[in-house]
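Subject: Structure handover and notes on its architecture

Dear colleague,

I am handing over the structure we spoke about, together with my notes on it. Please open it alongside this message, so that each remark can be checked against the coordinates.

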Amino acid sequence: MTKAKVAVLISGRGSNMAALLYAAKAPDCPYEIVLVAANDPLAPGLTLAAAEGIAIFGHSHKGHKRAEFDQIIHAQLQKAGAHYVALAGYMRLLSPEFVGAWENRMLNIHPSLLPKYKGLDTHQRAIDAGDTHAGCSVHIVTAELDDGPVLGQTPVVILPGDTPDTLASRILIAEHQLYARTLADFVTRERQPDWLLNRVREAALALPQADETLSHGMPCFGIVKGKKFAYVSRDHHGDGIIGLLVKTTAPEEQAMLIDRDPARYYRPSYFGNDWVGIRLDIDDTDWDQITDRLRASWRQVAPKKLLGLMDVAEEF
Ligand code: GRF
């Protein structure tokens, strides 16, 4: 199994980063840390990460416009080959461009039971409100601060006499457990057959008059009462692959694609030369490209009348 490549962004202590890093040392952990970056070159977490043999990047945000600084970080993430980003005490508001570039691939940990107490002073606010429990949440990062779908939470009891500091240090223990586990689940999710099928389904059924059936045990997509334009193959004839089969758009395209990227493209057994298999179970699937491929395949089998309607719709 290849491990998902994760970069961690910090601003200071980096204890959550350390928790992610040490969890990643387990042989069965599905992710590895490829970079720890900070907006403060003196962040203590950077020293630890470097001593643990992880690539680091520290650069002060001072003197940079927000989007410009985010672009510097983005370039480093790309250079490190990161596929996911984990924010761990990263005290910077992010530009919409950066959030957009990492959409659905960036997580954050926040020390409250979201949606309660977004922003700062969460511990004090939970105590002041007389809550029985505070806690922590891991969520997907969206444009709004501490918003975005919550992936996991741990409630932590508030004890009589708790101060923000005593509560924070207890919540931190829970954070370290929650973040590593939730990140592991999250990166695994995108390799699950059902998740992959759902992603294809969404794009395939968005095409005009598309429907879904089963053929030889494979979910497949066609034009209502018409020809098939896509199959999702899962361990077909024991090949161990989860792949999308689509029609090619020109002779020799199958051979050309396989030649260009043999790790991703393959010749699907029993489908002949005018179909190509695209592996969905390796990292870095470009879902925009998959959507384009589905559309192109749909066009190969669509009746003329439907093609005409599609052309008109695409002009707008
Ligand atoms: C944590 O409490 C985290 O929830 C919040 O910032 C703090 C970072 O601590 N976002 P550390 O740097 O991970 O030790």
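The notes below go through the domains, the sheets, the helix packing and a few backbone details.

Please keep in mind throughout that this is a predicted model. The domain assignment of the chain gives two parts, domain 1 covering residues 4-187 and domain 2 covering residues 193-315, and their C-alpha centres lie 37 Å apart.

I begin with the sheet of seven strands, which is open and has the order β3-β2-β1-β4-β5-β6-β7, with mixed pairing. The edge strands are β3 (56-58) and β7 (150-157), each of which pairs on one side only, and the twist from one strand to the next averages 20°. Within this sheet, strand β4 (residues 84-87) and strand β5 (residues 106-110) run parallel and are joined by three bridges; in one of the pairings between them, Leu87 has Asn108 in β5 as its bridge partner. Helix α1 packs on this sheet, where it touches β1 (4-10), β2 (31-38), β4 and β5, and the direction of α1 makes about 155° with that of β2.

Two packed helices are described by the angle between their axes and the distance between the axes. For α1 and helix α6 (residues 164-189), the axes come within 9 Å and cross at roughly 45°, an angle that falls between the ranges for roughly parallel and roughly perpendicular, under 35 and 65 to 115 degrees, and α1 and α6 are therefore oblique to each other. The crossing in which α1 passes α6 is right-handed. On the α1 side the contact involves Ser15, Asn16, Ala19, Leu20 and Ala23, which meet Leu172, Glu175, His176, Tyr179, Ala180 and Leu183 in α6. The residues of this contact divide into seven nonpolar, three polar and one charged.

For α1 and helix α2 (residues 44-51), the axes come within 10 Å and cross at roughly 15°, and these two helices are therefore roughly parallel to each other. The crossing of α1 and α2 is right-handed. Here α1 contributes Met17, Ala18, Leu21 and Tyr22, while α2 contributes Gly45, Leu48 and Ala49, and the residues of the contact divide into six nonpolar, one polar and no charged.

The sheet of six strands is also open, with the order β8-β9-β10-β11-β13-β12 and antiparallel pairing. Strands β8 (210-215) and β12 (265-266) stand at its edges with a single partner strand each, so one side of each is left without a neighbour in the sheet. The partner of β8 is examined here in some detail: β8 and strand β9 (residues 218-223) pair in the antiparallel sense over six bridges. Among the pairings, Thr213 has Cys220 in β9 as its bridge partner, and Glu212 stands opposite Phe221 in β9. These two strands form a hairpin with two residues between them, and His216 in the turn has a positive phi of about 50°. Helix α7 (residues 193-205) lies across β8, β9, β10 (228-234) and β11 (242-247), and runs at about 5° to β9.

The contact is made by Arg295, Trp298 and Arg299 of α9 together with Leu306, Leu307, Met310, Asp311 and Glu314 of α10, and its residues divide into four nonpolar, no polar and four charged.

A cis peptide bond joins Leu114 and Pro115, with omega at about 10°, and Pro115 is found in the loop between β5 and α5 (122-128). Lys225, in the loop between β9 and β10, has a phi near 55°, which is a positive value in a residue other than glycine.

Notes:
Residues are numbered from 1 along each chain as its sequence is written. This is a predicted model: local features need pLDDT of at least 70, side-chain atom pairs count only at pLDDT 80 or more; totals for chains, interfaces and linings use all residues. Side-chain values use heavy atoms; hydrogens and water are left out. Axes are lines fitted to C-alpha atoms, for helices over the stretch in contact, and angles run from 0 to 180 degrees between N-to-C directions. Helices (H or I, at least four residues) and strands (E, at least two) are DSSP runs, numbered from the N terminus. Angles under 35 degrees count as roughly parallel, over 145 as roughly antiparallel, 65 to 115 as roughly perpendicular and the rest as oblique. A crossing is left-handed if the near helix is turned anticlockwise from the far one by less than a right angle, and right-handed if clockwise. Contact means heavy atoms within 4.5 Å. Ala, Val, Leu, Ile, Met, Phe, Trp, Tyr, Cys and Pro count as nonpolar, Asp, Glu, Lys and Arg as charged, and the others, Gly among them, as polar. Two strands pair if DSSP finds at least two bridges between them. Domain bounds come from an automatic or database domain assignment.
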